[in-house]
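Hi everyone, thanks for coming. Have a look at it first.

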Amino acid sequence: MRKPDSLVYGVGDLPPARVALLVAVQQVAFLSALLGVPGLAVISLGLDDAQFLNLAATTLFCSGFVLLLQGWGRFGIGAGLFYPLQCTTAALPAIVYASTSGLSLATSFTMVAVVGVFQLGFSFLITRLRGIFTVEVAGLAVFLIGVGLGQQGLVLVLDVSAGGGQGATQGAPTHLAIAALTLFTLVILHIYVRSRLRLFTNLIGLGIGLIASILAGQLDPRHLKLFTEAPLFDFPRPPLFGWDFSVGAIIPFAVTGILLSLTSMGVQTIAQRNNDRDWKAPDLPSIGRGLRAEGLMHLLAAFLNALPLVASGGAVALAAASGCTARVLAFWTGGLLILFSLMPKIMGFWLLLPNAVTGAMFLFLATFTTLNGVTLVASRVMDARKVVAIGMGFVTAIAYEPMRHVIEGQAPQLRLFTFSSFAVSLLVTVALLALFRIGVTRRVVRRFPASGASHDEVANYIEAEGGRWGARVDVVQRAAHVAWQALDLIGRDYVDPDKPQIEVTTRHNDILLDVILRYEGTAPALARRPPTAEELVEQPELAAQLTGYLLTRLAPDLRIQRVGSQWEIAFRLPV
């Protein structure tokens, strides 16, 4: 694993304590700003301010706890990467659905354990079902999280009536000016600053936005009162609402568990990619360990009555944008989150951040998250099946909300699955991918003439099969080039003239792409060194030696063996 040039401190680096502390504070500022999601729960579930602080405390505690597990990474639990979990509106619909279906708050929050159980189960199945839960699906999940983050940011910036202490008419110019100032600061620091000051881009942006808001009188009086009256230390007394269980509520929480698992897969893939300049494919065992930590955290959340949490694409984007993704950051950030969960005054302070400032930060981070998701989707060759499945997910995510009430009115029983556009779009994609697996051939054979087969014919064949299997673009292109070179080599001098055909077989098992060439004739000699320029001039027939040498370099795992009456040249590439 090589550290990218964009990082100052990579996953295995140990930043100075003062740097780690400030970067952790920056992360906590972002994660605590998302306490607006528990605020939405307050409105949706009818909670008072005291219940809000307790709910925020238990949720922050769980967020810190899972970060410690992820950083620790022992006994098959924890990814060993820095990727925080956050509150999200994607996890809230299941809680609200349970509450609006007549279930008590005790039942609604106890059912969060179902999310944990399904994440634990998913962590063991992820390698077996990699053909369905693909990188493209993970990329779609990350994209949707980024879009949701951006939508939240736009609402906070443009909903001037909720932006501060002044009225919608009088405070609108100031509100928008503060948002523009915050966003401008974040962009300038990220693009033009090359010193270590860039590590604290978001912290500086939040600080400037908060100072401007104080000077302009844009602090929310309700939040200011909550901050003033909140005690410095307090210990929540779990469970906040009690414990209860309902079999009828299993499905929406199970769906939520699967959705959060897919999102985690995408976010962890982005975190792996951010830390490795030579990243090629997701490390699924590591992702499974990360999911197990999340599952255990959700079991704790059910015990404490905390909100479900999702892997934070925004926090991972923030870490990459600041240039510090060190694993030790998990301990600093997790420790601060646990400490602040016991300090209502601190939680109240983060709530003082005006909507204009928080919204600008959300918009800034959403750009990284959405593009990371698109990059993941585009990193694989996609055939017609993948195009339909992934494209339908994108279309459903955009078009579902306007039609939601119509669908639920005509088929209310579907609410168990259609309680959010996020859920519907991912379920549609996964269902289509599972359906389209029918008829996908894992082994394909094609015959080419020993002489006369063009490079385009070979490339089109390999690329078509790679697209069906979702192999990486660079792997497919490399396999096509190696296959063509091998065909050209053996077709010139090594094929039996009476049987001038070469059989090319491609096989795929979700991990490796195998290409096997079989023919009647003699075995080519693969040189260990390339011929020199002088040797090629004097002996033009050594061109075959050069081709053989290139084959061994392009496909190190290349072997030649005799099988029956045929010779077989086989090579494999990891996908």
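Let's begin with S425, which is found in helix 18. When I say helix or strand, I mean a DSSP run, numbered from the N terminus: H or I with at least four residues for helices, and E with at least two for strands. Before going on, a word on where this comes from: this is a predicted model, where local features need pLDDT of at least 70, side-chain atom pairs count only at pLDDT 80 or more, and totals for chains, interfaces and linings use all residues. Residues are numbered from 1 along each chain as its sequence is written, and side-chain values use heavy atoms, with hydrogens and water left out.

So, is S425 buried or exposed? S425 is buried, because its relative accessible area is 0%; buried means under 20%, exposed over 50%, and partly exposed in between, using a 1.4 Å probe and protein chains only. Which residues does S425 touch? Leaving out residues up to four places away in sequence, they are L140, L144, G393, T396 and A397. Touching, or contact, means heavy atoms within 4.5 Å.

Helix 18 covers residues 421–436, and its 16 residues should span 22 Å at 1.5 Å a residue. That expected span is 1.5 Å times one less than the number of residues. The end C-alpha atoms of helix 18 are 22 Å apart, which agrees.

Now for some residues out on the surface. Y192 is found in helix 8, residues 168–192, and counts as exposed because its relative accessibility is 61%. P556 is exposed too, at 65%, and lies in the loop between helix 22 (543–554) and strand 6 (558–563). P556 and R572 are 16 residues apart in sequence, with their C-alpha atoms 8.7 Å apart in space.

Stepping back, the protein has 22 helices and seven strands. Of its 575 residues, 55% are buried.

Finally, how far does the predictor trust its own model? That is pLDDT, its confidence in each residue, from 0 to 100. The mean is 80, and 86% of residues reach 70 or more. Confidence is highest in helix 12 (residues 284–304), at a mean of 92, and lowest in helix 2 (residues 36–45), at 56. Over residues 163–169, pLDDT stays under 50.

Definitions and conventions
pLDDT is the predictor's confidence in each residue, from 0 to 100.
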